[in-house]
Amino acid sequence: MTLKRIFCALLCLLLIVGAPVMAEEDKDARIAELEAQVAELQAQVDAYHLKEIVASFDGGEVPLEDAEQLYNEYVNMYAQYGIDIAAYGMEDMLRESVITALAEDAIVGYMAGQLGMGLTEDQETAFAEEAETTYQSILDSYYQNYFASQYETEEEGRAAAEAYLADMGYTSQYVLDGLRQTQLNTNVYDYVTGDVTISEEEVQTAYDEYVAADEANYTSSAYSFETAFTNGTTIYYTPEGYRNVKHILFRFDDDQAARYEELDSLLVDLEAEQIAAAEAEAATPAPEATEAAETDAAEMATAEPETHRLASEIEADIAAAEAELEALYAELLPEAEAAIERFNNGEDIEALIEELNDDTGMPDTGYAVSETAEVSSQAWDPAFTEGALSIEEVGGLSAPVYGSYGIHLIYYVGDLTAGATPLEDVHDTVESLALQSKIEQTYSDQMEAWKEELNLATYPENMA
């Protein structure tokens, strides 16, 4: 029984109790008594109802069950990514986010009606058809993948799949509500922001902010600049000392890559052993001809000896590993040398890159590499950086560079101009971004104004 029905039943009961004929002078007193009881009952009903919502405003409210459903959807989504919101202390933040989102949707629905921005009959019909089609598609997918093998008949399997989806809150009505809300959001958003424009002064202001942000970021992080350049991100400020390079990579195949990893790891271990042996040797005190020294020597003679390889043995192993690594690169070297010869004979570098390069991820603009000691390149294999900076003139090609992926032939495209990118070069991008930012701010400001005008109140404690 709903709250309204309970209230009506209680009211009828009071009226029945007050039905017997009474003296005229007692009627006013009895009416006042009944009105007081009705007011008390109404207050109790209102208090009970207040616990069943999470937000209210002049024109609507958000049911607690809707908020709990959306909250649980988010909890399950985070769990799929291995995030326990309770462990991270995210419950209160998530509740606030859910309530805010649902309250804003409710306000949009209300304002759409006030502004004449509601859905047309044709839209309602189209959304109903789309919702049913979408729901049936999801239902069929769940039936086929999870329930078909568990039930003897298709009817039973589909019923089980439908019950499962309903338990998750997913129904055709849920889909329809989502389609309707999306269209209402679009209608109201377009109404609020349709006339927003941006001036050249605002473009200039936004440009200055982008330049300042890039300068602060890129001058302190070579990695950020180099990855931004590689990814094609619009760059508003270029630090000093960068050159633009492209390359031809002759990549190790899988077997060669595995051998490289083994040899590289072996060399790291050998070099660590070499350092440890040198430190141990330096820490060994010179023997002294004293009684104490003789006692120490006697104790050392009976103790378990520490095993230290001779420096010459370690050096021999390092030399052997380096020789194997050199032999590995030698397997790729003929291809690299042939490419160098073709370049030296006048073939176009772009054509050679197109034909020979195994680096399929290299952008058309190539890479940015620092040529100053103050800003060391961080995004690249050190061998690549060193090879790129070894080229003396623009238009030159490096000698074969032995890197962690194979052999590089690096071409010096040119130097990057340091400083702020001219506004005219990025004007359209800045204008578009600044306009979008202003549109979003305009809508956000209007939403906050509606919340205040409509006396929005939220009750997150009801979800605790």
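At what angle do α4 and α7 pack, and how far apart are their axes? The angle is about 65°, and the axes lie 9 Å apart. Keep in mind that this is a predicted model, where local features need pLDDT of at least 70 and side-chain atom pairs count only at pLDDT 80 or more, while totals for chains, interfaces and linings use all residues. Residues are numbered from 1 along each chain as its sequence is written, and side-chain values use heavy atoms, with hydrogens and water left out.

**Helix α4**
- Helices here are DSSP runs of H or I with at least four residues, strands are runs of E with at least two, and both are numbered from the N terminus.
- Helix α4 covers residues 91-115, and its 25 residues should span 36 Å at 1.5 Å a residue, which agrees with its end C-alpha atoms being 36 Å apart. (The expected span is 1.5 Å times one less than the number of residues.)
- Among the buried residues of α4 are L94, V98, L102 and M111, along with R95. (Buried means under 20% relative accessible area with a 1.4 Å probe, protein chains only.)
- The buried residues of α4 pack against β1, β2, α3, α7, α16 and β9.

**Where α4 meets α7**
- On the α4 side, D105, V108, G109, A112 and L115 meet Q181, L184, N185, V188 and Y191 of α7. (Contact means heavy atoms within 4.5 Å.)
- The residues of this contact split into six nonpolar, three polar and one charged. (Ala, Val, Leu, Ile, Met, Phe, Trp, Tyr, Cys and Pro count as nonpolar, Asp, Glu, Lys and Arg as charged, and the others, Gly among them, as polar.)

**Aromatic rings**
- Rings of Phe, Tyr and Trp (its six-membered ring) pair if their centres lie within 6.5 Å; planes under 30 degrees apart are stacked, over 60 edge-to-face, and the rest tilted.
- By this rule there are 19 aromatic pairs.
- One of them is the tilted pair of F252 and Y329, at 5.5 Å centre to centre with 40° between the planes.
- That pair links distant parts of the chain, 77 residues apart: F252 sits in the loop between β4 and α10, and Y329 in helix α12.
- Both F252 and Y329 are buried.
- Ring pairs also join Y142, Y146, F147 and Y164 into a cluster.

**A look at T421**
- You'll find T421 in the loop between β8 and α16.
- T421 has a relative accessible area of 16%, so it counts as buried.
- Leaving aside neighbours within four places in sequence, T421 touches Y207, I235, Y236, Y237 and V426.

Methods:
Buried < 20%, exposed > 50% of the residue type's maximum accessible area, 1.4 Å probe, protein only. Axes fitted to C-alpha atoms, helices over the stretch in contact; angles between N-to-C directions.
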